[in-house]
Amino acid sequence: MSELGKLLFVTYAFPPLHVAVAPCVTKVLAGLSRAGFSVDVVCVSAPGSAALDESLSDFVKQHARSVVRLLPSTQPTGLAKYKYVFGHWLLPLIDRSMHKWFSRYPMEWASSLYRGMQAAWAIDPMNSFQGQMFEAICQQPLGEYSAIISWSPYHSINRVMAKVKRHHPGTPWIAQFSDPWAGNPLETEWQARLCAKRNELRTVSRSDYIIHNSERSLELMKRNGSISRKASSRVIRHPFDETLYPKRPKARNNTITLRHVGTLFGRRSPELLFRALKGIVEERPELRQRLRVELIGSIEDKLMTTEAAKSLVNTVVHIVPPTDYVRSLELMYDADINLLIEANTDSNLFMPSKLSDYIGASRPILGLVPKGPARDAIRNVGGWIADAGDVREISSALLQVIDYVNGRQDTNSWICDRSREEFNSARVSDEYRAAISELMSK
């Protein structure tokens, strides 16, 4: 028996599945393991078509006591069977017919109707695991665990845990949310929004403890009326883990190197960054040879077709293929400036996990972000911020951070150590430990 007790993590996002939340779950697991908990995991085996990242495999083996991985059912059953038939066979047929019959209409209302139907019937990528996940959780010695912690997204894990609570009401359940569920401002399909609202109300109320990684996301869930009056809640940040960064001095770059790690698409666009850079190198031509902006990860093709993008690509701006998680930490560690680009919205509820890793790397951070928790965190830690929709503000912040690192031997004086520690794995594990103790004392 471990010193502090046993925990069970249940999640659809876990290494080697290459999704953003998987490293977050793993780092919290490691922190709680170091603190003295014994942690078991129930997760899924990555489907054959899924992107994999093996860079944390040894880290998982070091800190997890056991990992149960579920294989997907070969055939969906029940309602999932009908959704499968509708989503994979009938909807594509309807789509082809609508495009054939109604393509002459400029508003493309038929195609819009199809997309709405598709969203309403969309198959959760982890939907086929729900029955197996429920059975696997119930096969664990639930009475021995101090708490079961579920991780969202994927939000459908909460439907599984709500069912577990119905069958085992005494099971202490902590539900962690990395993203908002109902009321997500980036969700535009009304059918999906309605489905999220219904599922959140039906499931989250059964949880004993709610954890969000941003205050605004937690406040939204409270306004939705989803949290039981008996449930406790708190905000705990995504952690960085010191042990995963290089143990050597930072590399010396031949140019001032700015790096963005992650996917860029839709409203999370680098276009205004490109416009700001274009103006800067036109005003200060010497910077064209001294600046290198690396966009590491997948980028929607149309984002690179603008005039500003074409004027910079392969000279100032360089596209770098996606890399594994541990390698991405090394790239952050060796950057001169780390870039955060968020969707240009009136207000943002999200605290992106890579911001914690940027903070852990201790390199100057420039955030192109709207009002919200990410903007507040960057300001508190001592970084540079600009409104995601204001080219002039972006240009000004770019020049400020470039001038800061230009010619400096030590670029660590910018950071507020006290604010940085809020994201440290040791501090985050203490927060989880406090939540678990509070839950056990009820």
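How many residues does helix α17 (residues 425-440) have, and how far does it reach from its first C-alpha to its last? The helix has 16 residues and reaches 22 Å, close to the 22 Å expected at 1.5 Å a residue (the expected span being 1.5 Å times one less than the number of residues). The model is a predicted one, so local features need pLDDT of at least 70 and side-chain atom pairs count only at pLDDT 80 or more, while totals for chains, interfaces and linings use all residues. Residues are numbered from 1 along each chain as its sequence is written, and side-chain values use heavy atoms, with hydrogens and water left out. Helices (H or I, at least four residues) and strands (E, at least two) are DSSP runs, numbered from the N terminus.

Staying with α17, its buried residues are S425, V428, S429, Y432, A435, I436 and L439. They cover an arc of only 115° around the axis, which puts them on the same side of α17. Here, buried means under 20% relative accessible area, exposed over 50%, and partly exposed in between (1.4 Å probe, protein chains only); the arc is that of the directions from the helix axis to the C-beta atoms. At the start of α17, N424 brings a side-chain oxygen to within 3.0 Å of the backbone nitrogen of A426.

Another residue of interest is R234, found in strand β7 (residues 232-235). At 21% relative accessibility, R234 counts as partly exposed. R234 and E431 are 197 residues apart along the chain, yet their C-alpha atoms are separated by 9.0 Å.

After α8 comes G225, with a positive phi near 75°.

Then there are the helix pairs. Two packed helices are described by the angle between their axes and the distance between the axes. Axes are lines fitted to C-alpha atoms, for helices over the stretch in contact, and angles run from 0 to 180 degrees between N-to-C directions. Helix α5 (residues 130-138) packs on helix α6 (residues 157-167) at an angle of about 45°, with the axes 9 Å apart. That makes α5 oblique to α6 (under 35 degrees counts as roughly parallel, over 145 as roughly antiparallel, 65 to 115 as roughly perpendicular and the rest as oblique). For helix α12 (residues 325-334) and helix α13 (residues 353-361), the axes come within 9 Å and cross at roughly 50°.

Notes
A polar contact is a pair of N or O atoms within 3.5 Å; within protein, one must be able to donate a hydrogen and the other to accept it, and residues adjacent in sequence count only if both atoms are side-chain atoms.
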